[in-house]
Amino acid sequence: MTGDRHDREDARREKALKDLEDAAAGSEVFGTSAFVRQAEKAKAHFSGADAETDDWTEIWGRRIGRGLSLIAFFGLLIYLAVTYL
């Protein structure tokens, strides 16, 4: 019975610590602007930083796919601007 209680308390404590870390990561950091943080997020996104580090094909697949999507987005943007503006 006491083991169950301790397990629940440990799980609750770990969840609270994780929530605090998430809140600290999302809060305004002194000395950095929102633009710089967003640029770093975009850089990490397009470099495939969220892929598994031991699978190079997944990393390069994500990089190529995301790069092609960016090119397609700007191509569509230019096409729509020329056509309708």
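1. K15 is exposed at 54% relative accessible area, while D19 is partly exposed at 38%. Please keep in mind that this is a predicted model.

2. Helix α1 (residues 2-26) also holds R13 and D10, three residues apart and so separated by about one helical turn. These two form a salt bridge with a closest N to O distance of 3.1 Å. R13 is partly exposed, at 48% relative accessible area, and D10 is partly exposed too, at 36%. As a reminder, an α-helix has 3.6 residues a turn, so residues three or four places apart point the same way.

3. Stepping back, the chain has three helices and zero strands, in the order α-α-α along the sequence. Of its 85 residues, 5% count as buried.

4. Helix α2 covers residues 34-46, and its 13 residues reach 18 Å from first to last C-alpha, close to the 18 Å expected. G48 follows α2 and has a positive phi, near 75°.

5. In helix α3, R62 and E58 are four residues apart, about one helical turn. Their salt bridge brings the closest N and O atoms to 2.8 Å. Both are partly exposed, R62 at 27% relative accessible area and E58 at 22%. Salt bridges with shared partners join D50, E58, R62 and R66 into one network. The whole structure has five salt bridges.

6. Do have a look at W60 as well: the charged end of R63 sits over its ring, 4.7 Å from the ring centre.

7. The structure holds one aromatic pair. The ring centres of F73 and F74 are 5.3 Å apart and the planes meet at 65°; an angle over 60 degrees counts as edge-to-face, so this pair is edge-to-face. F73 is partly exposed at 48% relative accessible area, and F74 is partly exposed at 44%.

8. Which residues make the nonpolar surface patch? F46, L70, F73, F74 and L77 do, over about 460 Å². Helix α3 (residues 56-84) gives the largest share, four residues. L77 lies in this helix and is partly exposed, with 45% relative accessibility.

Conventions. Residues are numbered from 1 along each chain as its sequence is written. This is a predicted model: local features need pLDDT of at least 70, side-chain atom pairs count only at pLDDT 80 or more; totals for chains, interfaces and linings use all residues. Side-chain values use heavy atoms; hydrogens and water are left out. Rings of Phe, Tyr and Trp (its six-membered ring) pair if their centres lie within 6.5 Å; planes under 30 degrees apart count as stacked, over 60 as edge-to-face and the rest as tilted. Buried means under 20% relative accessible area, exposed over 50%, partly exposed in between (1.4 Å probe, protein chains only). A charge sits over a ring if NZ of Lys or CZ of Arg is within 6 Å of the ring centre and within 35 degrees of the ring normal. Helices (H or I, at least four residues) and strands (E, at least two) are DSSP runs, numbered from the N terminus. The expected span of a helix is 1.5 Å times one less than its number of residues. Patches are made of residues with over 30% relative accessible area and no salt bridge: like charges are joined within 9 Å, nonpolar side chains (Val, Leu, Ile, Met, Phe, Trp, Tyr) within 5 Å. Accessible areas come from the Shrake-Rupley method with a 1.4 Å probe; for residues, only the protein chains shown count as cover. A salt bridge is a side-chain nitrogen of Lys or Arg within 4 Å of a carboxyl oxygen of Asp or Glu.
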